[in-house]
Amino acid sequence: MSSESDDLKRVRVWDLPTRLFHWLLAALVLFAWWSASARHIDWHRMAGSAVAGLLVFRLWWGVFGGSTARFSQFVRGPRAVIAYARHLFGREAPTAGHNP
């Protein structure tokens with residue numbers, strides 16, 4: 001007899017570059033907010049430049065990156081949306097990545 005935890009398998013959905021992008025973006029937004037309120041305009045500008053660099057990287061990674069990081073995975077057709085809606089009511093298994 002197997003327990004529920006034996007049936008579950010840990011799957012990492014996001015690759016390291018995507019995880020780093022999200023965490024660095026959040027940290028830089030907080031830093032930019034703080035630097036603006038503390039009137040450290042030079043630091044605020046550097047944070048803004050770093051955010052711009054991160055966004056350029058994310059655009060590049062969205063085209064050439066891993067399968068779950070690609071922008072082609074974000075937009076789905078009506079069938080995928082209906083299948084996902086069925087999952088919400090317990091009829092279909094979830095998939096890794098962005099939901100429709």
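Here come the ground rules, followed by the exercises.

This is a predicted model, where local features need pLDDT of at least 70, side-chain atom pairs count only at pLDDT 80 or more, and totals for chains, interfaces and linings use all residues. Residues are numbered from 1 along each chain as its sequence is written, and side-chain values use heavy atoms, with hydrogens and water left out.

**Exercise 1. The fold**

Work out which secondary structure pattern the protein chain follows.

Step 1: Find the elements; helices (H or I, at least four residues) and strands (E, at least two) are DSSP runs, numbered from the N terminus.
Step 2: Count them, and you get four helices and zero strands.
Step 3: Read along the sequence, that gives α-α-α-α.

**Exercise 2. Helix α3**

Check the span of α3 against the expected one, then find what its buried residues pack against.

Step 1: α3 covers residues 41-64, 24 residues in all.
Step 2: The expected span is 1.5 Å times one less than the number of residues. For α3 that is 34 Å, and the helix reaches 34 Å from its first C-alpha to its last, so close to expectation by definition.
Step 3: Pick out the buried residues (under 20% relative accessible area; exposed is over 50%, partly exposed in between; 1.4 Å probe, protein chains only). In α3 these are A47, V51, L54, R58, W61 and G62.
Step 4: Look for their partner: they pack against α2 (16-37), with contact meaning heavy atoms within 4.5 Å.

**Exercise 3. The core**

Find which residues make up the largest nonpolar core.

Step 1: Such a core is a set of buried Ala, Val, Leu, Ile, Met, Phe, Trp, Tyr and Cys residues joined through side-chain atoms within 4.5 Å.
Step 2: The largest one has six residues: F21, L28, A32, A47, V51 and L54.
Step 3: α2 and α3 are the elements that give two or more residues to this core.
Step 4: Zoom in on F21, which touches L54, L55 and R58, not counting residues up to four places away in sequence.

**Exercise 4. S35**

Is S35 buried or exposed, and which residues is S35 in contact with?

Step 1: Locate S35 in helix α2.
Step 2: S35 counts as buried because its relative accessibility is 0%.
Step 3: Leave aside neighbours within four places in sequence, and the contacts of S35 are H40, W43 and H44.

**Exercise 5. V63**

Decide how exposed V63 is.

Step 1: V63 sits in helix α3.
Step 2: Its relative accessible area is 49%, so V63 is partly exposed.
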